[in-house]
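Here is a short briefing on one protein model. Look over the structure, then read the points below by topic.

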Amino acid sequence: MYRVAKASEYLVVTGVGIIDIKLAKKAWVFPGQSYSKFDVSPVNYTFEVQAMSSEKLPFILPAVFTIGPRIDDEESLFKYAKLIAPHDKLSCHNKELVQGIIEGETRVLAASMTMEEIFKGTKEFKQEVFEKVQLELNQFGLLIYNANVKQLVDVPGHEYFSYLGQKTQMEAANQAKVDVAEAKKKGDLGSKEKEGETLRNAAAIDAETKIASTQRQGEGKKEEIKVKAEVKIFENLREAELAEANADLAKKKAGWSREAQVAEIEANKAVALRDAELQKEVEEMNALTQTEKLKAQFLSKAGVEYETKAQEANWELYKKQKEAEAHLYQKEKEAQAQKATAEAGFYGRKQAADRDFYAKIKEAEGLKALAEAQGAYVSTLLDAMGRNYAALRDYLMISGGMYQDIAKINAEAVRGLQPKISIWTNGSGDGQQQSGSNNAMNEVAGVYKMLPPLFKTVNEQTGMLPPSWMGTLTDSTINN
């Protein structure tokens, strides 16, 4: 079926072959598809929005909004077709939606402003309300075509605007009374001013007449003097212009002479410069010729040397290839690197770098394999020891010979020190029971018995002797 929408309508087609929806003015509707129409003409919504200012003063904002789908934006039309079109555009659903957005934005904006700011900036307040409402309507694909907000009115029981009007009326009446009194004052003052002005004008005319007569006489004399002065000035100007013309002529003659000399010098210099340029070109050509000659000579020599080295390198390459056939994969890579080195110096260095890189890779692979093997070994030991990490650590230290190494290191550390160890006793270990007074004296006697071996040990290890008042050592015990 072929369907066509009216001028103010659109077709919405869904079904087989259409991912989401399809909007069109006319379209074929195939089996498995359905269609519907929606009107895009705008609708008028009339509201009386109740809001409250930041001072908690309520007011009513009567408004008429003309709202409809945004037909100049395809995305907005899709939104409207999905969200709004299924409902009648005059239904309570759409009206409540629009009214909720307008009331919400108006209340939020009014709550941030005082009543005085709202009343004085009514135009800006309305414009900001329109912008915020439009921002919310965009998500439904709607556009405000026109908005008419009437004058703010009071909520029943709150007479703010009424009292504000009465205040304005009283101020206007008082101002009118002031204006009447001011006009009366101006009338009385004006009458007196006119009378005085008449007298002043009469006196002024008499004075001006006398002044004019005197001025006429003075102007005649001034004109005569002025004419004589102008004649003298004219004569002086003519003499000055003549002198200036003569000076200009002299300057021009000097300039022409100087330009002729400069032109002659420039011509001579140009000839010399051209001669130098030609000489320079000749020398450059000679240098280029000599350079090409030397280049051909050295290049031919270098070519012969390169061919010779290339033949030698090919022989070395063949020999190394034969040797590399019996070696492992790493030796084969080394032979290939040597082959590359033999072909050319630069290419050889590159192959050598590749060989080293491959060796590092193989070494890394070997380390990796060793690490994996050690990891498997440690994991096996750990499992065998019941996941006892302390037992595994002790086993590894014993099997690795760490304790032997520690003992060896300690022995090496004290080797050559030859420590001297002195052991002495105070002789009180006989185990016999003595009285209390004898025990105290025995302790003192033990201290004195301990001093000689102590002094001897200090002398042996440091070479120091005790002071004479504490005691002396025999000659046989002194360590010199």
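Tyr2, Val4, Trp28 and Phe30 make a nonpolar surface patch of about 440 Å². A patch takes residues with over 30% relative accessible area and no salt bridge; nonpolar side chains (Val, Leu, Ile, Met, Phe, Trp, Tyr) are joined within 5 Å, and like charges within 9 Å. Accessible areas come from the Shrake-Rupley method with a 1.4 Å probe, and for residues only the protein chains shown count as cover.

This is a predicted model: local features need pLDDT of at least 70, side-chain atom pairs count only at pLDDT 80 or more, and totals for chains, interfaces and linings use all residues. Residues are numbered from 1 along each chain as its sequence is written, and side-chain values use heavy atoms, with hydrogens and water left out.

**The whole protein**

- The protein has 10 helices and nine strands. These are DSSP runs, numbered from the N terminus: helices are H or I with at least four residues, strands are E with at least two.
- Of its 480 residues, 20% count as buried. Buried means under 20% relative accessible area, exposed means over 50%, and partly exposed lies in between (1.4 Å probe, protein chains only).
- The accessible surface comes to about 35900 Å². Carbon and sulfur atoms hold 58% of that surface.
- Take the contacts between residues at least 6 apart in sequence: 55% of them join residues at least 24 apart. A contact means heavy atoms within 4.5 Å.

**Back to the patch**

- Phe30 sits in the loop between strand 4 (26-28) and strand 5 (33-39).
- Why does Phe30 count as partly exposed? The reason is that its relative accessible area is 48%.

**The nonpolar core**

- The largest nonpolar core has 37 residues. Such a core is a set of buried Ala, Val, Leu, Ile, Met, Phe, Trp, Tyr and Cys residues joined through side-chain atoms within 4.5 Å.
- Which members touch the most other members? They are Phe38, Phe65, Ile67 and Phe125.
- Several elements each supply at least two residues of this core, including strand 2 (9-15), strand 7 (58-69), helix 2 (92-111) and helix 4 (122-137).
- Phe38 touches Ser8, Glu9, Tyr10, Val12, Leu23, Leu77, Tyr80, Ala81 and Ala85, leaving out residues up to four places away in sequence.

- Ser76 lies in helix 1. Ser76 is buried because its relative accessible area is 7%.
- Ser76 touches Arg70 and Gly141, again not counting residues up to four places away in sequence.
- Ala352 belongs to helix 7 (residues 345-384). At 18% relative accessible area, Ala352 is buried.
- Gln336 is 16 residues from Ala352 along the chain, and their C-alpha atoms are separated by 8.9 Å.

**Salt bridges**

- The structure holds seven salt bridges. In a salt bridge, a side-chain nitrogen of Lys or Arg lies within 4 Å of a carboxyl oxygen of Asp or Glu. Side chains of opposite charge can pair when their charged atoms come close.
- Glu103 and Arg107 form one of them (3.6 Å, N to O). Both lie in helix 2, four residues apart, about one turn of the helix.
- Glu103 is buried, at 15% relative accessible area, while Arg107 is partly exposed at 40%.
- Arg238 pairs with Glu241, with the closest N and O atoms 2.9 Å apart.
- Arg238 and Glu241 are three residues apart in helix 5 (residues 160-324), so about one helical turn separates them. Arg238 is partly exposed at 49% relative accessibility, and Glu241 is partly exposed at 41%.
- Asp383 pairs with Arg387, with the closest N and O atoms 2.5 Å apart. Asp383 is partly exposed at 45% relative accessibility.

**Around helix 8**

- Arg387 lies in the loop between helix 7 and helix 8. Arg387 is partly exposed, with a relative accessible area of 45%.
- The phi of Arg387 is near 60 degrees, a positive value in a residue other than glycine. Most residues other than glycine have a negative phi.
- At the start of helix 8 (residues 389-399), a side-chain oxygen of Asn388 comes to within 3.1 Å of the backbone nitrogen of Ala390.

Notes:
Polar contact = N/O pair within 3.5 Å; in protein donor to acceptor, adjacent residues only side chain to side chain.
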